[in-house]
Amino acid sequence: MQYNAPYGSADPNAGYVDRNMAAATKGSIPPAAAIEYPQREIMAVITAAGITGSNGDLTQLLQAIQQLIDAATGSGDTSNYVLMPAARARLPIFPEVLTSDGRIPVFAPSTGTVRVPAGYDFLHRGIFAITTVQTDFVTVANKTYHLRWNPTNGFQLKDLADGAYNPAALPEADFSFDSSHDNMLVARVVTSAGNVATIANLANKDRLQLISEKTTWEESAGTYPASPQITINFARTPVLRFSAGSVELTPNAERVTVWGYGGETRNRYTARPVVAGTRDSTYINGTHTAVFEA
């Protein structure tokens, strides 16, 4: 059904007005369709639910909607149902890319171009399925970009130097750029002087976890740690949930004191497990396990 404006209106969206005798304003004249068509629409719903229309019950439209929902969902208390728009606005669930590693494999098909490939599925708010279509973005040299998605604008390539995107001139790895429920950070794109893109595709899942196990390290005598950086590439800055380790003394070890095992999260791209202590021996071997989650 379409809107039926007052009779004689040139504007198809003209509103209805009441008569105002003091202002010499005539009241709107409703065309027959304005009265008949809404009734027909309502009766179509009531009839589809198997209800006989009656002027003695003015809740029949509500009953019909409830019965149609019951028929489509296997019945039940309709107060437990939620419509998709409400779910997409309320469920506190992070975007979830439905690949094994939670990443969309964004790539550069040529110099000066970054491409979101087609055919990759992800969930918005854990309930609304979206499939990517091929989308290309033009880059310029010596830039750092964030490739993002949101339900209003879709995919966008954001320049970190753009004052509208980054008004506080925050560093690229700042946690404020992390994926949120409605704004997914898909990738970091850094272009060289020749406009060649280096792309870090980031993991987007409702729950993110990385277990880093370093089996051995060797350090000279003194205070340490110096364990290497590990690659994380999460779309959200992780926190250290668990850290543990052990040391194995070499034959010439004289003294080893381990203060503790911890972890220093650098940003969403890399982190470094930390072992704190002192030793007199020239070399020491050890193991370390760190669990990062977001």
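## Three-stranded sheet

Strands β1, β4 and β5 form an open sheet in the order β1-β4-β5, with antiparallel pairing. Its edge strands are β1 (96–97) and β5 (128–131), each of which pairs on one side only. This description refers to a predicted model.

Between β4 and β5 the antiparallel pairing runs over four bridges.

## Four-stranded sheet

A further open sheet has four strands in the order β8-β7-β9-β10, with antiparallel pairing. Strands β8 and β10 (197–201) stand at the edges with a single partner strand each, so one side of each has no neighbour in the sheet. From one strand to the next, the twist averages 25 degrees.

Strand β9 (residues 184–191) pairs with β10 in the antiparallel sense over five bridges. Thr191 has Ala197 as its bridge partner in β10. Strand β10 also contains Ala200. Is Ala200 buried or exposed? Ala200 counts as buried because its relative accessibility is 9%, the cut-off for buried being under 20%. The C-alpha atoms of Ala200 and Val186 are 8.8 Å apart in space, and the two residues are 14 apart in sequence.

In a regular strand, side chains alternate between the two faces of the sheet.

## Hairpin of β2 and β3

Strand β2 (residues 107–110) and strand β3 (residues 113–116) pair in the antiparallel sense over two bridges. Ser110 has Thr113 in β3 as its bridge partner. The two strands form a hairpin with two residues between them. Gly112, in the turn, has a positive phi of about 85 degrees.

A pair of aromatic rings is described by the distance of the centres and the angle of the planes. The structure holds four aromatic pairs. One of them is Phe122 with Trp149, an edge-to-face pair at 5.0 Å centre to centre and 75 degrees between the planes. This pair links distant parts of the chain, with Phe122 in strand β4 (residues 121–124) and Trp149 in strand β7 (residues 144–150), 27 residues apart. Both Phe122 and Trp149 are buried.

Phe122 also forms an edge-to-face pair with Phe155, at 6.3 Å centre to centre and 80 degrees between the planes. Because Phe122 lies in strand β4 and Phe155 in strand β8 (residues 154–159), this pair ties together parts that are 33 residues apart in sequence. Phe155 is buried, as is Phe122.

## Charge over a ring

Which ring has the charged end of Arg236 over it? The ring is that of Phe94, and the charged end of Arg236 sits 3.9 Å from its centre.

## Loop residues with positive phi

Most residues other than glycine have a negative phi. Asn142 has a positive phi of about 55 degrees although it is not a glycine. Asn142 lies in the loop between β6 (135–138) and β7. With a relative accessibility of 56%, Asn142 counts as exposed, for which the cut-off is over 50%.

Asn195 is not a glycine either, and its phi is positive, near 65 degrees. Asn195 is in the loop between β9 and β10. Asn195 has a relative accessible area of 14% and is buried, whereas Asn142 is exposed.

## Largest pocket

Rolling a probe the size of a water molecule over the atoms shows where empty space is left. The largest pocket has a volume of about 260 Å³. Its lining consists of Gln39, Ile42, Met43, Ile46, Gly53, Ser54, Asn55, Asp57, Leu58, Gln60 and Leu61.

Which helix gives the largest share of this lining? The largest share comes from α1, with four residues. Helices α1 (32–48) and α2 (60–73) each supply at least two residues of the lining.

Conventions. Residues are numbered from 1 along each chain as its sequence is written. This is a predicted model: local features need pLDDT of at least 70, side-chain atom pairs count only at pLDDT 80 or more; totals for chains, interfaces and linings use all residues. Side-chain values use heavy atoms; hydrogens and water are left out. Two strands pair if DSSP finds at least two bridges between them. Rings of Phe, Tyr and Trp (its six-membered ring) pair if their centres lie within 6.5 Å; planes under 30 degrees apart count as stacked, over 60 as edge-to-face and the rest as tilted. Buried means under 20% relative accessible area, exposed over 50%, partly exposed in between (1.4 Å probe, protein chains only). A charge sits over a ring if NZ of Lys or CZ of Arg is within 6 Å of the ring centre and within 35 degrees of the ring normal. Axes are lines fitted to C-alpha atoms, for helices over the stretch in contact, and angles run from 0 to 180 degrees between N-to-C directions. On a 1 Å grid over the protein atoms alone, a cavity is a set of points where a 1.4 Å probe fits but cannot get out, and a pocket is an open set with protein on both sides within 12 Å along at least five of seven lines; lining residues have an atom within 4 Å of a point. Grid points are joined across faces, edges and corners, and a volume is the space filled by probe spheres set on the points.
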